[in-house]
Structures are given as structure tokens and as C-alpha cells.
Amino acid sequence: MRNRNGEEEMQFSIIIPVYNVEKFLRKCLDAIVEQKFSDYEVILIDDGSQDKSGEICDVYAEKYEKITVYHIENHGVSHARNIGLQMAKGKYIWFIDSDDFIESNALYNICEELKKKQEPDLLVFDANVRDQENNIKQVITCDELRKQNMNFQNDRELIYMNTALWNKIYKRQIISEKQLIFSENITIAEDLLFNYIYILECRNVEYEKKVLYNYIQRKNSAMQGAGRNRDVLKAFEQLIEYYKKVNMY
């Protein structure tokens, strides 16, 4: 596959921020490197981990040529993802959390759906929510996205879309051309802010009703009590400001 400049372009850049997840990281990475599909790169951003996560990243990067690791000082998940975006070379971006894991056929299925749906600007799919004992507690689905070729101009129900990053595939060209980044002055709801800005730029959003991701609901995770966090309000303030700027408010 070649980009607009005639250069070889891989299909996926998988961006994974890493911070103190030594108990989960190997399972996350094993699920990726064991995929039968091979047209991808993995970008690990070790965000100043204080456990053995950084060492695990180095071991995998040395063993697998598709994996690259960057060790940085701790600045938070949004900064780490922004670093990953700077380094990404793939046509599509997949943000994966380092304590989660993907299904064994995920990359192949995603690639096939992208072809079938004529390379949409955003592909959304389902995910399992599991507890730390690996029991499925819930399936995150986006059944409200029933139409084809949805866009925010005509399909305002997109605003009700699940705002997680990990059950979506993004076009790097859109992110690059529109200079989209994650807000680094908030620690909660940064995914909501990014998604609600990104969908403004989408000509076609497609949904595939397949479970391709497993989200691990950890005790004492950052999302616990998120609704009480002032950063949620900051995220909506920034979102309203952006929508007003582009005359979409």
C-alpha cells in the first residue's frame, strides 16, 4: 500500500501508552504479536513507569521488529499518545490501553471491514468489559450507529456514540491534516474531547457489530469517580469552545 507521495505505507499504527502495568502488559502485547495479520507497527510510549513495565517494553522491542519503544518522563496519557501520533506511519491509528487485550482475529477482521466499507474515516466496533478475573461483565455496543456512511452534518445521533478510543479505528491523514492532538491539561475525558472533535471531520462513520477488544475494568482505575472530576467540566468547556469556532455549536 502506498500513500499520496508514492511511499510504502503500512496499514495500522497501534499506539500504546504504558505506565506501571507490569502485571498486564505481556498479555496485551502477546495478543498483538500473535495476530496472523502482519501489516502493522506497535508504538510503545513508556510514560516514566516506576515498575518493570519499561523493561518489558524493551524485551518485546528487541524481540519483535514491529515494536518500537520510547521512554519519556511522566507527563500523562495524553502526552504519551501525542508522542505516538508524531511517530506513527500507518494509514490507520488504533489506540490500545496497555492493560487490555485484543481478540485473536482483530487486525484481520478490521482490515477486511475497512475494505468492505470502502475505507471509512472512522470504524467503530464492539468490546467486552471484563473484570480482573477475566469474566465478561458487559458488552459495549454501538447499535445506535445503524446507518451507513454516517457523518455529523446529517446524523446527529453520532453524539451518543461511546467515547472510548480503543473500539475505534482512525485515519492518520485526518489527524495529521487537521492537527488533532489530545488535550494535555486534563486527565479525564480526554478521549471524549478527541472523539467529538474528530467526528466533525468525518465524511463517513461505519459500525461493525463484532467484539474485537477486551477492556479490563480494574479496581481503583482512573475512571472510577470520573464524574466527580473537574477535568470532565474542562473537557466540555474546551469542546464547546471548539464547536463555536467551527460554527457547529
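Author: A pair of aromatic rings is described by the distance of the centres and the angle of the planes. Rings of Phe, Tyr and Trp (its six-membered ring) pair if their centres lie within 6.5 Å; planes under 30 degrees apart count as stacked, over 60 as edge-to-face and the rest as tilted. In this structure, a search of the whole finds 15 aromatic pairs. The model is a predicted one, in which local features need pLDDT of at least 70 and side-chain atom pairs count only at pLDDT 80 or more, while totals for chains, interfaces and linings use all residues. Residues are numbered from 1 along each chain as its sequence is written, and side-chain values use heavy atoms, with hydrogens and water left out.

Reader: How are the rings of Trp 94 and Phe 125 arranged?

Author: Their centres are 5.7 Å apart and their planes stand at 85°, so the pair is edge-to-face. This pair links distant parts of the chain: Trp 94 belongs to strand S4 (residues 92-95) and Phe 125 to strand S6 (residues 122-130), 31 residues apart. Strands (E, at least two residues) and helices (H or I, at least four) are DSSP runs, numbered from the N terminus.

Reader: Is Trp 94 buried or exposed, and is Phe 125 buried or exposed?

Author: Buried means under 20% relative accessible area, exposed over 50%, and partly exposed in between (1.4 Å probe, protein chains only). Trp 94 has 0% relative accessibility, so Trp 94 counts as buried. Phe 125 is likewise buried, because its relative accessible area is 0%.

Reader: Which geometry do the rings of Trp 166 and Tyr 213 show?

Author: With centres 5.0 Å apart and planes at 5°, the rings of Trp 166 and Tyr 213 form a stacked pair. Here too distant parts of the chain are linked: Trp 166 lies in the loop between strand S7 (136-140) and strand S8 (168-171), and Tyr 213 in strand S9 (residues 205-216), 47 residues apart. Trp 166 is buried at a relative accessible area of 8%, and Tyr 213 is buried at 0%.

Reader: Which residues do ring pairs link into a cluster?

Author: The cluster consists of Trp 94, Phe 125, Trp 166, Tyr 213 and Tyr 215.

Reader: What share of the residues in the protein chain is buried?

Author: Of the 249 residues in the protein chain, 53% are buried. The secondary structure of the chain comprises 7 helices and 9 strands.
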